[in-house]
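Please look at the sequence and the model first, then read the points by topic.

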Amino acid sequence: MQDMTPNASADMTPTRLKHRAEFLRAASRGRKVAVHGLVLQALARPDGGPARVGFTVTKKVGNAVIRNRTRRRLKEAARLLLREAPVSGVDLVLIGRDTTRGRPFSALIDDLRRALDKAGVARMEPA
RNA sequence: CCAGACGGCUGGACGACCGCGGUCGGGGGCAACCCCGGCGGAGGAAAGUCCGGGCUCCACGGAAAUACGGUGCCGGCUAACCGCCGGCGGGGGCGACCCCAGGGACAGUGCCACAGAAAACAAACCACCUGAACGGGAAUGCCUUCGGGCCUUCCUCUUCCGGAACGGGUGAAACGGUGCGGUAAAAGCGCACCGCGCUUCUGGUAACAGCGGCGGCAGGGCAAACCCCACCGGGAGCAAGACCGAAUAGGGGCGACCGGCGGCCUUUCCGGCAACGGAUGGGUGACGCGGGGGCAUUUCCGCCCUGUUGCCCGGGUUGGUCGCGCGAGGCGCGCAGCAAUGCGCGUCCCAGAGGAAUGGUCGUCCAGCACGCAAGUGUGGACAGAACCCGGCUUACAGGCCGUCUGGCAGG
RNA sequence: CGGAGCGUAGCGCAGCCUGGUAGCGCAUCAGUCUGGGGGACUGGGGGUCGUGGGUUCGAAUCCCGCCGCUCCGA
């Protein structure tokens, strides 16, 4: 978040979404796509910097161990997918569901790819 | 072998690829940072947050009392505890063993529904017994005018004096239980045993236990009802707290206090016609200097703030560093102790995040479960995730391992 | 991290402090009034008192542990 300078665009590694206000902004004004393994909220940012990713797993899903496992699988799926197909200028919030934990990992990655596509994130890639 | 009791340990293993955060070393880069390599990276409950401490800040002269809260058989352990260990007493179990907030009910207040005569000061009531009075009845005897009258005995309604606390369907509980004697009827009224109270002595640090003696029985239960007694407790919590940076208007209000020099106000004295000057004591707070602070550090210059301090109002700040892991520490051995635990020696350093790492995927194996005669096939890891630390408690937990002990059956 | 409260019939609530009978409203069922509906009246059914222990003769009530939910402060 410190190096949001435009000339650092060679590094497209996503950073982390941290503040409550940012999550609320993505929830209220972003596009929402629900697929089997997760729910995606995406909100375009005008600065064109690297994508920022946040994770939400509510207490409804389970206890702390289950929530950790859910979040870590989402985190790994986002890492692998955004490494081979980086996007920018967007805030992404991945919300875990009950099914996230038992979903086969390859299917989870497909879910995320499809959700990004439906949210129009792929077309947000910088020119 | 079966059934059971208690205590302790463990909480899948190995590997491959891709990753995460910490730290150390090397290299690159002005720097932010990047690359390579090494090392280590969740638990017995990390959980619930129910107790106790350390640590930090705040408050506070000492001690006591009051209020509030907690604890409550005895002894020991501990930094401390509502904890642990060992005893005692009570209850349960054939037993190993398990359970118990277990001080005080002559300090006081209160409650004990229904039932029952009565639920706590003790008596009243029904029933029982002796006696008396009036009346009634029966029998015997005497007298008679034959209507009845009288004496004695017995029974009885009602009433009264007395005896006694034995009985009264009840009830969780009712002024001790059983038996014998005793009596008008009875009763610890007397005796034996049991229970109970007091007590000498003995054992024990003590709670308490045992033997003996004395007492004919004191006197219900509930204090997890109020309460009494004894002991303990200041408050808040790592978002504690400290530092650096950035930012803002380095802002405002109300008070208290200090005086090195000048200025200003003022007391007294001297000089002067006077303005004023000198000396002296006091006051005055933003007006100047000195002094102090800041702009990374040192010197000079410059700029800015500023007397010191308390409280309040307003404004800005969500960045970083420390606190932060060598500790009431882990492991092993020895000694003391029944034990909890303590002491000594040796050895080890063992997670430190901050929207928060400790992971994702796959393979082989080891337990478990299901199917199958079998080879095998399929399935599949219990409860659960550190956030300042430690000692406990409570709760959750698939399966496995070890030890000690009890009862029963069979065999030698 | 610290603190407060709640859990009783299908729903909303009393009863708890001061222990012995669980009650009220809506809903539901049956009957009557009406030609029918609505409505009114009469009568009835329905509750492991969140859960596990303890105290007591007796616990929804008192005490302790646990589960779930809500709210407040930093």
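In this model, a sugar or linking oxygen of RNA strand B lies 3.5 Å from an N or O atom in the side chain of Arg83; a polar contact here is a pair of N or O atoms within 3.5 Å, and within protein one must be able to donate a hydrogen and the other to accept it, with residues adjacent in sequence counting only if both atoms are side-chain atoms. The model is predicted, so local features need pLDDT of at least 70 and side-chain atom pairs count only at pLDDT 80 or more, while totals for chains, interfaces and linings use all residues. Residues are numbered from 1 along each chain as its sequence is written, chains are lettered from A and ligands numbered from 1 in the order in which they are written, and side-chain values use heavy atoms, with hydrogens and water left out.

**Overall layout**

- Chain A has three helices and five strands; helices (H or I, at least four residues) and strands (E, at least two) are DSSP runs, numbered from the N terminus.
- Read from the N terminus, the order of elements in chain A is β-α-β-β-β-α-β-α.
- Chain A has 127 residues, and 41% of them count as buried; buried means under 20% relative accessible area, exposed over 50%, and partly exposed in between, using a 1.4 Å probe and protein chains only.
- Among the contacts in chain A with a separation of 6 or more, 80% come from residues 24 or more positions apart, where contact means heavy atoms within 4.5 Å.

**The surface near RNA strand B**

- RNA strand B is surrounded by 20 residues, and the closest are Arg16, Leu17, Phe23, Arg69 and Arg73; a residue is near a molecule or strand if one of its heavy atoms lies within 4 Å of it.
- Of the atoms of RNA strand B that come within 4 Å of the protein, 63% belong to sugar and phosphate.
- Arg69 has a polar side-chain atom 2.6 Å from a phosphate oxygen of RNA strand B.
- The side chain of Glu76 has an N or O atom 3.3 Å from a base nitrogen of RNA strand B.
- Two elements, α1 (20-29) and α2 (64-84), each give two or more residues to this surface, and α2 gives the most, with 11 residues.
- By class, the surface holds six nonpolar, three polar and 11 charged residues; Ala, Val, Leu, Ile, Met, Phe, Trp, Tyr, Cys and Pro count as nonpolar, Asp, Glu, Lys and Arg as charged, and the others, Gly among them, as polar.

**The sheet**

- The five strands form an open sheet in the order β1-β4-β5-β3-β2, with mixed pairing; two strands pair if DSSP finds at least two bridges between them.
- β1 and β2 (31-34) are at the edges and have a single partner strand each, so one side of each is left without a neighbour in the sheet.
- β1 (residues 15-16) runs parallel to β4 and is joined to it by two bridges, with Arg16 partnered by Val53.
- β4 and β5 also run parallel, joined by five bridges, and Phe55 is opposite Leu94 in β5.
- Four of the five residues of β4 are buried, so β4 is largely enclosed by the rest of the structure.
- β3 and β5 run antiparallel with seven bridges, and Val39 is opposite Ile95 in β5.
- β2 and β3 are antiparallel over four bridges and form a hairpin with three residues between them; Arg31 has Ala42 in β3 as its bridge partner.

**Nonpolar cores**

- The largest nonpolar core has 24 residues, of which Leu38, Leu40, Leu92, Leu94, Leu112, Leu116 and Val121 touch the most other members; a nonpolar core is a set of buried Ala, Val, Leu, Ile, Met, Phe, Trp, Tyr and Cys residues joined through side-chain atoms within 4.5 Å.
- The elements giving two or more residues to this core are β3 (38-44), β4 (52-56), α2, β5 (90-96) and α3 (105-118).
- Another core lies apart from it, with six residues that include Leu17, Ala26, Val39 and Val93.

**Two single residues**

- Gln41 is in strand β3 and is buried, with a relative accessible area of 9%.
- Leaving out residues up to four places away in sequence, Gln41 touches Ala26, Ala27, Arg31, Lys32, Asp91, Leu92, Val93 and Ile95.
- Ala27 lies in helix α1 and is partly exposed, with a relative accessible area of 42%.
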